[in-house]
Amino acid sequence: MNTRLKGLVFAGMMSSAALFTSTASAVEIEYWQYFFDARVDAMETLITNFEAANPDITVTMNHFPYDSYRTKVAAAIPAGEGPDVVQLFYGWLNDYVEAELIQPLPADVFPADKIDAEFFPMVQAMKDGDQYWALPTAVRSLALFYNKRLFEEAGIEGPPATLDELLETANALTKRDGAGNLTTVGITAGMTAQDHHWWREGLVRQYGGEPYLDDYKTVNYNTDAGVAALDYYTNLFMNESPVTSIGFMDEPQAAFKAGRAGMHIDGSFRIGSLADQRGLEWGVAELPSGLDGAQSNYSSYWVNAITSKAEGEKYDAAVKFMEYLTSDEAMQIWLDVVGELPAKPSVGMTEANANDPVFGPFIRGLEYAHTTKFVNESSQRQLLVEMVERIQLEGMEPAESLAIAAEAEQVMLDEYYAK
Amino acid sequence: MYRNLTIRQKQIVWAWAFLAIPVLFYSIIRFYPTGNAILISFQNWNLLGSRTWAGLDNYEKLWNDAVFWKVFQNTFLYLLLGTPISLVLSFIIAYHLDKLRFMHGFLRMLYFLPFMTSAVAMAWVWRWFYQDVPIGLFNNILAGFGIPQISFLNSTTNALPAVLAPAVWAGLGFQVIIFMAGIRSIPTSYYEAAKIDGVGWFTVLTQITLPLLRPTIVFIVVFSSIGFLRIFDHVFNMTTNNPGGPLNATKPLVLMIYDTAFNGFDMGYAAAQTVVLFTILLIVSLIQLRLLRST
């Protein structure tokens with residue numbers, strides 16, 4: 001009896017010891033992102049693959065609606081409740097670094113020169129000296145969507161290659177009713193959608209300007225190039241026979257989706273929602289080039305970073321997870337599931353991806369894309385929205401309105417960088 | 001010790017014992033956040049880092065902010081247009097609806113329906129009504145008669161009334177019900193006396209109905225003023241592409257606070273705006289309550 005009891009106690013001790021050792025060796029880390037169906041699906045696949053390769057690490061994913069995302073992250077990390085690896089919009093990085101919510105990536109695993117060489121150049125916005133703070137899995141760029149049916153109806157062969165052709169093509173596609181009201185626009189317009197990026201990093205540069213100087217700390221579009229770019233843009237909806245109208249059918253993407261717009265400039269993230277649209281035949285082309293063939297595009301991205309909460313073995317696991325998130329395999333999965341573009345040329349510029357009829361134009365655009373370093377994207381966009389409104393609704397001269405916008409944006413930048 | 005108290009003192013002790021729970025609850029959920037908001041208005045905070053003292057910087061910035069004064073003006077425009085229009089409309093409807101016997105309940109329901117509907121859904125439907133030709137209801141009708149279309153939302157002059165209209169329409173049902181209750185509560189003997197004296201309808205309206213409706217009117221004025229001073233959901237949903245636009249023509253104070261806090265992440269500045277809004281609401285309510293007391 002006594003020996004049996006001893007044996008039982010011994011067995012119990014052994015099994016509980018085994019239980020403790022097994023929980024001690026399995027590290028659990030938490031990953032946070034904002035909620036978007038395709039992104040969550042893609043991340044689930046990535047986590048499954050990562051856990052299969054690293055059986056001692058478990059990754060749990062948490063996602064929140066976009067609106068409350070930043071607030072939740074800000075409240076959770078200092079309380080020690082937040083993620084170990086977090087997804088952030090690239091424009092928020094400075095704030096997170098300043099608030100010490102994230103830590104730099106270890107230089108031995110992510111050497112800066114290797115990343116400089118392997119990734120598309122715009123990720124260098126995440127670099128501080130010789131270390132990177134964060135890295136994207138995927139990036140986004142702009143391209144020209146066009147409605148194949150409307151092109152056929154108007155007898156136009158293919159998408160326009162230059163800005164002049166863009167105007168001509170848009171003119172041929174525009175339809176009006178008896179009273180002269182637009183019923184189909186040649187191209188959509190609206191600074192509230194993606195046009196502010198197209199104007200800033202596309203048109204201004206194509207007219208020979210440089211929108212910002214001094215690492216995006218000095219506004220530089222209040223120049224002849226800026227005025228020329230603004231003239232080109234406002235001409236789309238303001239001359240005698242405009243080819244578009246701001247707010248046509250409420251939102252540019254809605255007009256294109258409804259087949260009421262011949263062309264539409266938008267980001268790669270739009271592919272998913274257009275793919276399911278029945279009865280809409282669309283194609284994608286690179287953004288039209290400027291007068292002397294100058295090409296320019298805008299790119300933005302969400303990055304992954306390790307938070308300051310991750311320490312010890314959680315930190316090691318987080319580094320491993322980051323390594324996987326920035327691997328070629330992860331990028332291809334992200335492209336296939338979400339439709340966002342790989343952040344490395346080695347994946348993006350493969351024969352199959354770069355020549356893909358849908359992804360190709362976006363990926364090729366990455367080679368000449370610029371990433372605006374925003375201090376507050378929506379407020380900076382708002383300044384351009386109002387710049388156009390002053391011209392359109394109050395009849396102000398474009399050059400004057402441009403100067404007001406440039407001055408206001410400089411105040412915003414100075415205020416931010418002075419902190 | 002409790003034993004030595006007088007009955008009156010015992011009553012007070014018990015009263016406070018029962019009151020303690022609601023007082024505590026109210027302090028925590030109501031006064032603590034209010035106090036905190038006032039505190040943040042003297043600080044700089046972007047939600048992420050630590051709070052730093054800013055003194056009166058946020059208020060100074062507010063004073064010198066052209067957008068704030070535009071928004072201030074808009075907020076009072078909503079109040080000064082919205083309150084009298086909805087008051088007069090709801091009284092006219094209630095006055096006539098009260099006299100109507102045929103399908104009375106059904107009509108009353110029709111007027112009340114918009115009040116129960118979600119403001120977000122309504123704002124979006126009205127937003128589509130206001131669009132340009134291929135999809136906009138109003139402009140399609142105009143185009144059908146060959147009349148040039150009107151820019152409703154994309155205009156610095158038309159946008160504010162265009163946004164206000166559905167807000168007035170939505171609140172009407174509630175005010176009609178309150179007015180009808182007020183009208184019904186006036187003793188019929190007054191009207192009978194007037195009838196015997198052979199007084200005209202206008203005299204009845206101005207000498208009997210309106211004076212006796214005074215408490216109802218004051219209630220509706222206070223209630224709807226606060227509503228229009230805090231207008232947000234209609235404006236935000238009808239102008240989501242360009243919140244409060246064009247050129248801040250429709251932006252009310254609450255939308256500016258929201259924008260500063262959750263797009264600009266400038267919590268200190270947003271809190272300063274909140275304190276200003278709180279002060280305005282307090283003053284407007286106190287004035288109106290004083291008017292109520294004099295009856």
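Predicted model: local features only at pLDDT ≥ 70, side-chain atom pairs only at ≥ 80, totals over all residues.
Q: How far apart are the end C-alpha atoms of residues 76-97 of chain B?
A: The unreviewed UniProt entry lists residues 76-97 of chain B among the spans annotated "transmembrane region". This span is 100% helix and 0% strand. Its end C-alpha atoms are separated by 31 Å.

Q: What percentage of residues 109-129 of chain B is helix?
A: Residues 109-129 are also among the spans that the unreviewed UniProt entry annotates as "transmembrane region". Their end C-alpha atoms lie 23 Å apart, and strand accounts for 0%. Helix accounts for 90%.

Q: At what angle do helix H3 and helix H10 of chain B pack, and what is the handedness of the crossing?
A: Helix H3 of chain B spans residues 66-99, and helix H10 of chain B spans residues 214-229. Their axes are 9 Å apart, and the packing angle is about 145°. The crossing of H3(B) past H10(B) is right-handed.

Q: How many residues in the contact of H3(B) with H10(B) are nonpolar?
A: H3(B) contributes residues including Tyr78(B), Leu79(B) and Gly82(B), while H10(B) contributes residues including Ile220(B), Val221(B) and Phe228(B). By class, the contact holds no charged residues and six polar ones. The number of nonpolar residues is eight.

Q: Why is H8(B) described as roughly antiparallel to H9(B)?
A: Helix H8 of chain B (residues 188-197) and helix H9 of chain B (residues 201-212) have axes 11 Å apart and pack at about 170°. Angles over 145 degrees count as roughly antiparallel. The packing angle of about 170° therefore makes H8(B) and H9(B) roughly antiparallel.

Q: Which residues of H8(B) make the contact with H9(B)?
A: On the H9(B) side, the contact is made by Val204(B), Ile208(B), Thr209(B) and Leu212(B). The contact residues of both helices divide into six nonpolar, one polar and no charged. From H8(B), the residues are Tyr190(B), Tyr191(B) and Ala194(B).

Q: What is the orientation of H9(B) relative to H10(B)?
A: The axes of H9(B) and H10(B) come within 4 Å. They cross at roughly 55°. This angle makes H9(B) oblique to H10(B).

Q: Which residues of chain B lose the most area to chain A?
A: In the interface, 25 residues of chain B are in contact with 31 residues of chain A. The buried area is about 2,400 Å², with 52% given by carbon and sulfur atoms. Together giving 28% of what the chain B side buries, the residues that lose the most are Leu48(B), Asn241(B) and Leu247(B).

Methods
Residues numbered from 1 in each chain as written. Chains lettered and ligands numbered in written order. Heavy atoms only, no water. Axes fitted to C-alpha atoms, helices over the stretch in contact; angles between N-to-C directions. Helix = DSSP H or I, 4+ residues; strand = E, 2+ residues; numbered from the N terminus. Left-handed = near helix turned anticlockwise from the far one by under 90°. Contact = heavy atoms within 4.5 Å. Nonpolar A, V, L, I, M, F, W, Y, C, P; charged D, E, K, R; others polar. Parallel < 35°, antiparallel > 145°, perpendicular 65-115°, else oblique. Buried area = accessible area lost by both parts, 1.4 Å probe. UniProt positions renumbered as here; feature names shortened; annotations may be inferred.
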